[in-house]
Amino acid sequence: MTLKTLPQVFKAAVHKYGDRVAMRKKEYGLWHDISWNEYDRLVQYLGSALITMGLEKGECVSIIGDNCPEWVIVDMGVQCAGGVSVGIYATNAWPQAEYVVQNSESKFLFVENEEQLDKWFKFRDNVPHLGKVIVWDLEGLKDFKDPMVMTYEELLEIGRKAIEEQPALLENRSNKIAPEDLAFLIYTSGTTGPPKGAMLTHGNITWMGEAVQEVIPVEEKSEVLSYLPLCHIFERLFSVIFHVTHGTIVNFIENVDTVTDNMKEISPTIGYAVPRIWEKYLSAIYIRMSDATRFKRLAFFTALKIGQKRTSLKMKLEPVPFYLEVLYRLSHLAVFRKLKQRLGFDRMKMAITTAAPISSDVIHFFQSIGVNLIEVYGQTEVTGPTSVSKLVRLKLGTVGPPLPGVEVQIADDGEILVRSPGVFKGYYKNPEATAETLKDGWLHSGDVGELDEDGYLKITDRKKDIIVTAGGKNITPQYIENQLKLSSYINDAVIIGDKRKYITALVMIDEDNVVKYAQDNKIQFSTYKDLTQSPEIFKLISKEVDNVNSGLSRVEQVKKFTIIPKKLYEEDGEVTPTMKVKRKAINEQFGDLIEAMYSTKQ
């Protein structure tokens, strides 16, 4: 029997794996196992409690907190009770949390701790449809009492008693769920306006869970480290969907500050991150090498040169000479193996980057040191991946062929259109946005791209981001920005130039590398702002910009740039939770800096 709903897939996994480890979490310095049977028991209690307390089929339940077992247990319990789970970013300010709870008309709100509970206090009078708020971490709340608030343990106890009285309560509700019923509401990060709730069905989710196995080695022995926001489809795929579909082990980080330590301890078999994190790893490797002994530097860069030559041949599908393969294996044994162990990458069969564009040079670097980094292209509205790069035939500059079962077409204006069983149902309570995005069964992605002779997809840019200069030239800023970000001293960049006479850039420096450069060169500074306004640092970045310009056509070249004098934060609305820069917000906030670059006085 084909399993078409998430509760069906979950129950099949519990039946198959039983007492095998499903999840791990670290407490008081020790990793603790949670079996599939224990996972199921908690889901049974939680789902039964929600039904007892009035959750009807199709009603929404919001969850806000960092990655932990409780988050996914609540998620699965809501699914099994026929509800729709709605994730809220733990970093969201209270007005953003209010928007999601209000827009989704959530019946219940699960919060992690006192910090998240405080957000609810700010908008409690504006959400009369909310029945209860449930807290799972009671630190600082031992003596707290409120008729609207209950603890996670109290909820589980209600569920335990409900099962004693009606053992089949949750099963009867789960059996009423159909593939076309909603499972998730995933709110977009809102880079261009208020977030929209993408409606994903059980059919979308279960199809994707199976389809991806043909291109990503997800299996029972696979282990992942859960640390990206669970509200995002990317982390939800690995921590929930692939987890229950293929029986993987999910390891939850202690907190966001311990990711690198937990990575070393777990050494996951599948690694994944947004581009900013891979770029940070690359930068950290170069910093470490710059401080190493002369012999270690020589060994690393010699090995890297060998690895890069081998990778270039493999990517061109050309044979690797025997001598080069031998040299690479020796390099791996002497240099790369130890480096990967220190990073926690030594068991990694595949590494994935997604959620934003990445420079092909970053992928080439990691491939060269023996980390099989590939790019996955997709979006929430297609339940994750549209195309996945192939390890055996990795073509730099493309995001691989479409996933099996996915159709891709390129519209006359270059927009990428997608059709598959993973395409979402539409935007919640937003028929206008749905009509703009879904047309005749095709998802209009908003991205511009092309298909090559092998059917590999190449992403050019976001349709709305393409710049048309005053001279009428079309510029794709994404390519220029990626070239700038290749510099170890540039963390991000925003290209400006729409309806302007020439191209300029707002540059965000890489703090770690620039600080080290300043220290090595005895450049005085006391604050981050001082650093960004230092004439020596301006010269440093100017050289990097000149290097990029040398490879660009005249119309694409960055004529002027300004270093942004502050760090960019999600809390300030400058970047999304997946660390993508919000162009509109940056253009508005730093409008004076932009206008200064176009001033005739300069």
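Where is Asp181 found? I located Asp181 in the loop between H7 and strand E8 (182-187); helices (H or I, at least four residues) and strands (E, at least two) are DSSP runs, numbered from the N terminus.

I note that this is a predicted model, in which local features need pLDDT of at least 70 and side-chain atom pairs count only at pLDDT 80 or more, while totals for chains, interfaces and linings use all residues. Residues are numbered from 1 along each chain as its sequence is written, and side-chain values use heavy atoms, with hydrogens and water left out.

**Entry: Asp181**

I listed the contacts (heavy atoms within 4.5 Å). Leaving aside residues up to four places away in sequence, Asp181 touches Lys57, Lys176, Thr201 and His202. I also found a polar atom of the Asp181 side chain 2.8 Å from the backbone nitrogen of Ala178. From C-alpha to C-alpha, Asp181 and Leu42 are 23 Å apart in space and 139 residues apart in sequence.

**Entry: helix H6**

I checked the length of helix H6 (residues 152-165). The expected span is 1.5 Å times one less than the number of residues. For the 14 residues of H6 this should give 20 Å, and the end C-alpha atoms are 20 Å apart, which agrees.

I then looked up burial, where buried means under 20% relative accessible area, exposed over 50%, and partly exposed in between (1.4 Å probe, protein chains only). Tyr152, Leu155, Leu156, Gly159, Ala162 and Ile163 of H6 are buried. They cover an arc of only 120° around the axis, so they lie on the same side of H6; the arc is taken from the directions from the helix axis to the C-beta atoms. On the other side, Glu153, Glu164 and Glu165 are exposed. The buried residues of H6 pack against several elements, including helix H2 (36-52), helix H3 (69-80) and strand E5 (108-111).

**Entry: Val244**

I placed Val244 in helix H9 (residues 233-246). Val244 is buried, with a relative accessible area of 1%. Among the residues that Val244 touches are Leu6, Phe10, Trp36 and Met76. Pro7 is 237 residues from Val244 in sequence, yet their C-alpha atoms are 9.4 Å apart.

**Entry: cysteines**

How many disulfides does a search of the whole structure find? I found 0, a disulfide being a pair of cysteine sulfur atoms within 2.5 Å. Cys60 is in no disulfide, and the nearest cysteine sulfur, that of Cys231, is 14 Å away. Cys60 counts as buried at 4% relative accessibility. The sulfur of Cys68 is 12 Å from the closest cysteine sulfur, in Cys231, and is therefore too far for a bond. Cys68 also counts as buried, at 11% relative accessibility.

How values were computed
Polar contact = N/O pair within 3.5 Å; in protein donor to acceptor, adjacent residues only side chain to side chain.
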